[in-house]
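The sequence and the coordinates are shown first, and the description follows.

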2 protein chains.
Amino acid sequence: MRATLMFGAGDVRVEEVPDASIAEPTDALVRVTRACICGSDLWPYKSLPSLDDGQPMGHEFIGVVEDVGADVAHLKRGDVVVAPFVVSDGTCDFCAEGLHTSCVNGGVWGVGGLDGAQGEAVRVPQADGTLVPLPVEVDDALMPSLLTLSDVFATGHHAAVSARVKEGDTVAVVGDGAVGLCGVIAARRLGAERILILGRHEERTSLAREFGATDVVSERGKEATARVRELTGGTGAHAVLECVGTEDALFTALKIARSGGAVGRVGVPQVESLPGAQETFMRNVTVSGGVAPARAYIPELLPEILEGRVEPGRVFDSEIDLDGVPDGYRAMNEREAIKVLIRP
Amino acid sequence: MRATLMFGAGDVRVEEVPDASIAEPTDALVRVTRACICGSDLWPYKSLPSLDDGQPMGHEFIGVVEDVGADVAHLKRGDVVVAPFVVSDGTCDFCAEGLHTSCVNGGVWGVGGLDGAQGEAVRVPQADGTLVPLPVEVDDALMPSLLTLSDVFATGHHAAVSARVKEGDTVAVVGDGAVGLCGVIAARRLGAERILILGRHEERTSLAREFGATDVVSERGKEATARVRELTGGTGAHAVLECVGTEDALFTALKIARSGGAVGRVGVPQVESLPGAQETFMRNVTVSGGVAPARAYIPELLPEILEGRVEPGRVFDSEIDLDGVPDGYRAMNEREAIKVLIRP
């Protein structure tokens, strides 16, 4: 089968790889019908050292079940399924607590022998725990939005939940990428009254406004902090969704949080230490969040999409086939595209 | 009047200073009947650069109201009162939210012209908002425990609340100082089933056991992490109370938190950055806490002391008068005493 491999920074290729197939009785084999490129794929795209063997890429997909192992009880051939970006068994203590990203039998697509999602098919371990059947046909018009349940909408939601967004809050979203935009949707859904988005890309902040953002802050660094304080009567935002992961973004997030407020961080951290240890202490700012347990949120978020109350799929502004994947990385990296949908 | 001044590291003196007196109509004048030395006073004791004018010391006290300004409505001469370690007006948005440490009219004892508490008397700004009348006589046997409402019990409670301690939790307390010991009391009160204290001072960990600790971890660093994991089935503690503030203590706290758990930090941070930005992200460990809003917690904690359900005053193992203050600092710094009570 064909799948996407990364051989180093900027070096993405679609190549022939061994066909995915059932290896364990708890596996399912899924033919990928929709996948996409993630903002987090751009970190290795900028920095991956040169590899002899390519790194399988992609961790978001929807597909059709082609085969199941003997122990798979809740899935059957032909099911249309969405896969969260992390494998989980659905039965361990962490899964029971809703933290599927810490599953004791977990795994990550493309890592440790698992297939990547930017390919024709995927072997899915712990299939009963990992996959969620979707009550739609394979080419349903809602596919782009449903695909965001894999990661980007669930991650924006996790940022909002971690930042403790509640009815009437003023919320700031740091970052106007696809996760930040989904964070706006999530914050609005949880009752935020005012939503400030920090970003400087016109087409993205416009979409943010359509999703519910009330103010756009295009400044950066100290100027961004000053502007947010000005817009919030000097106090900052009750909840801050940090959707970038750089030191600057983290520091800005901490600075614009209201005293007693919380930062929900979902941007993959590009630093070893969190800045502002004194600032957050003196002002009792909570820092929460991390890798989003998408699997835990799907039961809550799926009906929102099926019933048309949210349209996170609008973050996809480009659609390609497998041959287009290398150029899709380039386009996202150069910010020509917000998020690229792949139809293998 | 006489009061304690610090002139540099290790240089604590009790000297004559101008008498405290009413300056604003919202002030009260309080004759100090009990004060104490705080673990946080030891940071300047170790590191304060030499000063020509001494720094007034002390931020925890109980006393008797001697006079009130014209606008003070809820206090009168003769009232026995406890003062939280931060001044607050009780009426601003932050006070209304229970974050009195961020009061817009706040202040800190000994800073910006305010008197320190390790002296004969204190001018109390925002007296109606700051002081809490105590329904006891001036020499009640409960005085040591009541004095801990100023800071140390409220701070231990804040650590537990920030770490989201709930019924049935496994809790780890990093640090066996007075705050850590009060954290044990607070964690037990909030329903912790198992309480691990990380400390290596026999007399302190023994008191911790009397307060409700179930396990003592005397290892440090990596060995402490390994031991906590061993004691918790490999997963760590649901809630970690960080009561030290050094980089080592913070890092240990993050490492021993269960994935999805929380660290409530109340140790004054001795670092600019929080270690473990990746660790906390990958495992969704929340970092919360900060300067404890003691004033907010007094209504909940006061009855616990009055009705004898908790005895945080047992952290005082030494009692001195004003003349004894310099030696009290030395004794706490050399860990001869856990916490020193002052009767001016």
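Two strands count as paired if DSSP finds at least two bridges between them. The model described here is predicted.

**A sheet in chain B**

In chain B, 3 strands form an open sheet in the order 2-1-4, with antiparallel pairing. Strand 2 (11-16) and strand 4 (55-56) of chain B each have a single partner strand and stand at the edges, so one side of each is left without a neighbour in the sheet. Strand 1 (residues 2-8) of chain B is joined to strand 2 of chain B by 6 bridges, and the two run antiparallel. Within this pairing, Thr4(B) stands opposite Val14(B) of strand 2 of chain B. Helix 12 (residues 325-333) of chain B packs on the sheet, where it touches strand 1 and strand 2 of chain B. The direction of helix 12 of chain B makes about 160° with that of strand 2 of chain B.

**Strand pairs in chain A**

In general, strands of a sheet pair through backbone hydrogen bonds, either parallel or antiparallel. Two pairings of chain A involve strand 5, and they are listed below together with the pair described in chain B.

| Strand pair | Bridges | Direction |
|---|---|---|
| Strand 3 (residues 28-36) and strand 5 (residues 61-68) of chain A | 7 bridges | antiparallel |
| Strand 5 and strand 6 (residues 80-83) of chain A | 4 bridges | antiparallel |
| Strand 1 (residues 2-8) and strand 2 of chain B | 6 bridges | antiparallel |

Individual residues illustrate the pairings of chain A. Ala28(A) has Val68(A) of strand 5 of chain A as its bridge partner. Val64(A) stands opposite Val80(A), which lies in strand 6 of chain A.

Chain A is divided into domain 1 (2-151 + 293-342) and domain 2 (156-289). The C-alpha centres of these two domains of chain A lie 27 Å apart. Where they meet, 13 residues of domain 1 of chain A are in contact with 13 residues of domain 2 of chain A. On the side of domain 1 of chain A that touches domain 2 of chain A, the residues comprise 7 nonpolar, 3 polar and 3 charged.

A helix pair of chain A can also be described. Helix 5 (residues 152-162) and helix 11 (residues 294-306) of chain A pack with their axes 9 Å apart, at an angle of about 95°. Since angles of 65 to 115 degrees count as roughly perpendicular, helix 5 of chain A and helix 11 of chain A are therefore roughly perpendicular to each other. Helix 5 of chain A contributes Phe153(A), Ala154(A), His157(A) and His158(A) to the contact, while helix 11 of chain A contributes Ala294(A), Tyr297(A), Ile298(A) and Leu301(A). By class, the residues of this contact are 6 nonpolar, 2 polar and no charged.

**The contact between the chains**

The contact between the chains takes 26 residues from chain B and 26 residues from chain A. On the side of chain B that touches chain A, strand 15 (257-265), helix 10 (277-282) and strand 16 (286-289) of chain B each supply at least two residues. Helix 10 of chain B provides the largest share of that side, 5 residues. The side of chain B that touches chain A has 11 nonpolar, 11 polar and 4 charged residues.

How are the two copies related? Chain B is superposed on chain A by a rotation of 180° with 0.0 Å of shift along its axis (RMSD 0.0 Å). That is the relation of a two-fold axis. The same surface serves both copies, as 100% of the contact residues of chain B recur in chain A.

Conventions. Residues are numbered from 1 along each chain as its sequence is written. Chains are lettered from A and ligands numbered from 1 in the order in which they are written. This is a predicted model: local features need pLDDT of at least 70, side-chain atom pairs count only at pLDDT 80 or more; totals for chains, interfaces and linings use all residues. Two residues are in contact if their C-beta atoms, placed from the backbone, lie within 7 Å. Ala, Val, Leu, Ile, Met, Phe, Trp, Tyr, Cys and Pro count as nonpolar, Asp, Glu, Lys and Arg as charged, and the others, Gly among them, as polar. Copies are superposed by least squares on the C-alpha atoms of residues with pLDDT of at least 70 in both. Axes are lines fitted to C-alpha atoms, for helices over the stretch in contact, and angles run from 0 to 180 degrees between N-to-C directions. Angles under 35 degrees count as roughly parallel, over 145 as roughly antiparallel, 65 to 115 as roughly perpendicular and the rest as oblique. Domain bounds come from an automatic or database domain assignment.
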